[in-house]
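Student: I would like to go through this structure and ask what stands behind each term. Please show it to me.

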Number of protein chains: 2
Amino acid sequence: MNNLVTFIKNRRKILGLTQQDLADKAGVGLRFVRELEQGKETLRMDKVNQVLALFGHELTPVDSKQIHVSDE
Amino acid sequence: MNNLVTFIKNRRKILGLTQQDLADKAGVGLRFVRELEQGKETLRMDKVNQVLALFGHELTPVDSKQIHVSDE
DNA sequence: CATATTTATACCTTATCGGGTATAAAGATA
DNA sequence: TATCTTTATACCCGATAAGGTATAAATATG
């Protein structure tokens, strides 16, 4: 499970949100949240950022070697 | 100009590649590279990662407050 | 166990991304 | 200046992402 998936799932759980809650708050469809949490890689960048924004985060280029299995 | 745009442009210049070169090496279309460098935010995540992979990088969720205007 | 909630899978439709191509504009070089 | 290279803009078309909905499976709760 990649970093993005792990990050989203953990954050959502921490806030006690359902996928539907997250979708509503982010302004994306429920299906999108599901595909996001299932690791679909062909998602649109802006939609992913829309969700990440809820957690004060955004997609950024990071050195592949420096990616620690973040669970926070 | 956002981080992604800055990153891509700088790296490409450092390696002395044209947009066409980068497109070819990454296996994406020339138009995609252009839209990427022009800050289009609706691009597909996998395609962006395809380009970033050439530089050993990948999209990762990062705290928005911790994003320094990276030019490397 | 039964029931309720949450998550996963499948189908259909619309919107648009991505590629290709052509043309124009901008930059560099002589 | 003229010429060459690189980058930007505009158009068409096929493929598919995203949303909605419905159903099924999984997980919790009693």
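Tutor: A residue counts as near a molecule or strand if one of its heavy atoms lies within 4 Å of it. This is a predicted model, in which local features need pLDDT of at least 70 and side-chain atom pairs count only at pLDDT 80 or more, while totals for chains, interfaces and linings use all residues. Residues are numbered from 1 along each chain as its sequence is written, chains are lettered from A and ligands numbered from 1 in the order in which they are written, and side-chain values use heavy atoms, with hydrogens and water left out.

Student: Which residues come closest to DNA strand C?

Tutor: Arg12(A), Gln19(A), Arg31(B), Phe32(B) and Arg44(B) are the closest of the 15 residues that surround DNA strand C. Of the DNA strand C atoms that come within 4 Å of the protein, 53% belong to sugar and phosphate.

Student: What makes the pair of Arg12(A) and a phosphate oxygen of DNA strand C a polar contact?

Tutor: A polar contact is a pair of N or O atoms within 3.5 Å; within protein, one must be able to donate a hydrogen and the other to accept it, and residues adjacent in sequence count only if both atoms are side-chain atoms. A polar side-chain atom of Arg12(A) lies 2.7 Å from the phosphate oxygen, so the pair meets the limit. Lys40(B) also has a polar side-chain atom 3.3 Å from a phosphate oxygen of DNA strand C.

Student: Which residues come nearest to DNA strand D?

Tutor: Arg31(A), Leu43(A), Arg44(A), Arg12(B) and Gln19(B) do, out of 16 residues around DNA strand D. Sugar and phosphate make up 57% of the DNA strand D atoms within 4 Å of the protein. Phosphate oxygens of DNA strand D lie 3.4 Å from a polar side-chain atom of Thr42(A) and 3.3 Å from one of Gln38(B). A side-chain N or O atom of Arg34(B) is 3.2 Å from a base nitrogen of DNA strand D.

Student: How do you know how much area is buried between chain B and chain A?

Tutor: Buried area is the accessible area (1.4 Å probe) that two parts lose on being put together, summed over both. For chain B and chain A that comes to about 2,000 Å², with carbon and sulfur atoms giving 65%. Met45(B), Thr60(B) and Pro61(B) supply 30% of what chain B buries against chain A, more than any other three residues.

Student: How many residues does each chain bring to the contact?

Tutor: Contact means heavy atoms within 4.5 Å, and chain B and chain A each bring 21 residues to it.

Student: How many salt bridges does the rule find across this interface?

Tutor: The rule asks for a side-chain nitrogen of Lys or Arg within 4 Å of a carboxyl oxygen of Asp or Glu, and it finds 0 between chain B and chain A. It does find 12 residue pairs in polar contact there, both residues at pLDDT 80 or more.

Student: Why are strand 1 of chain A and strand 1 of chain B called paired?

Tutor: Strands (E, at least two residues) are DSSP runs, numbered from the N terminus. Two strands pair if DSSP finds at least two bridges between them. Here 7 bridges join strand 1 (residues 57-63) of chain A to strand 1 of chain B, so the two are paired, and they run antiparallel. Leu59(A), for one, has Pro61(B) as its bridge partner.

Methods:
Helix = DSSP H or I, 4+ residues; strand = E, 2+ residues; numbered from the N terminus.
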